Amino acid sequence: MTKYTPIEYKPKDYTHLRGLVGITDEQIEVHLKLYKGYVSRTNALFTRVADLSNDGKTGDSSFQELKRRAGWEWDGMRLHEYYFDGLKANADELRDDNAFAKKVIAQFGSIDAWKADLVGVAKMPGVGWALTYLDPSNGQIWNHWVEQHQNGHPAGARLLLALDVWEHAFAVYRKPLPADRAAYIDDFFANVDWKVVAGRLA
Ligand SMILES: [Fe+2]
């Protein structure tokens, strides 16, 4: 009988992510190590779930707890990929003729208004993600808070931009100064690859 066999995830290569504005190479290195942990734990979790499933143990509490934990590991992996994919060294400013900018201006009135809304989300107390989503059903774009990694994702929406505001994203930042979320958020926008963000509209 054919067995349930999960497909393995491989960590993506982000060695090019060096020399960003403000966000130090050391900060990126620490953050990438954390990302790789999510990839390996996602693989381990899928493998363990498959073992239990293949053994007919889908009613066991261990199976259920792994299923509860899956969103944490998988979203921790995938959100970091959206985050790192959306960054680059020597990034250009977001210009009015960018496809994403056009959509934002049409809905928010200006790039600055959209950005202020997203920064408001990013500065909310707590750990999580400030995310810009597109609703493919009507074209609506909005900024959204996701608690931790897995809580509150809007079903069926398309993720356009991911801003990690967990403290680990800026914990080894600007040494010897203490972690500063506001400065990190400013620097994040200076490093966004807006072509990648626009490419996620389609
Ligand atoms: Fe992170």
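## Ground rules

Because the model is predicted, local features need pLDDT of at least 70 and side-chain atom pairs count only at pLDDT 80 or more, while totals for chains, interfaces and linings use all residues. Residues are numbered from 1 along each chain as its sequence is written, and side-chain values use heavy atoms, with hydrogens and water left out.

## The nonpolar cores

Let's start inside. In general, nonpolar side chains tend to be buried together in soluble globular proteins. A nonpolar core here is a set of buried Ala, Val, Leu, Ile, Met, Phe, Trp, Tyr and Cys residues joined through side-chain atoms within 4.5 Å; buried means under 20% relative accessible area, exposed over 50%, and partly exposed in between (1.4 Å probe, protein chains only).

The largest nonpolar core has 50 residues, and Tyr83, Phe100, Trp114, Tyr184 and Trp194 touch the most other members. Helix α4 (residues 111-122) gives the largest share, six residues (helices are DSSP runs of H or I, at least four residues, and strands are runs of E, at least two, numbered from the N terminus). Domain 1 (25-85) and domain 2 (99-199) both contribute, so this core lies between them; the domain bounds come from an automatic or database domain assignment. Apart from it there's another core, of five residues, including Leu45, Val49, Leu52 and Phe63.

## The largest pocket

The largest pocket has a volume of about 230 Å³. On a 1 Å grid over the protein atoms alone, a pocket is an open set of points where a 1.4 Å probe fits, with protein on both sides within 12 Å along at least five of seven lines; lining residues have an atom within 4 Å of a point. Grid points are joined across faces, edges and corners, and the volume is the space filled by probe spheres set on them.

Among the lining residues are Lys88, Asp92, Arg95, Asn98 and Trp194. By class, the lining has four nonpolar, one polar and seven charged residues (Asp, Glu, Lys and Arg count as charged; Ala, Val, Leu, Ile, Met, Phe, Trp, Tyr, Cys and Pro as nonpolar; the others as polar).

## Two loop residues to look at

Most residues other than glycine have a negative phi. Asn90, in the loop between α2 (61-85) and α3 (99-108), has a positive phi near 55°, and counts as exposed at 70% relative accessibility.

Gln148 also has a positive phi, of about 55°. Gln148 sits in the loop between β2 (141-147) and β3 (158-164), and is partly exposed, at 29%.
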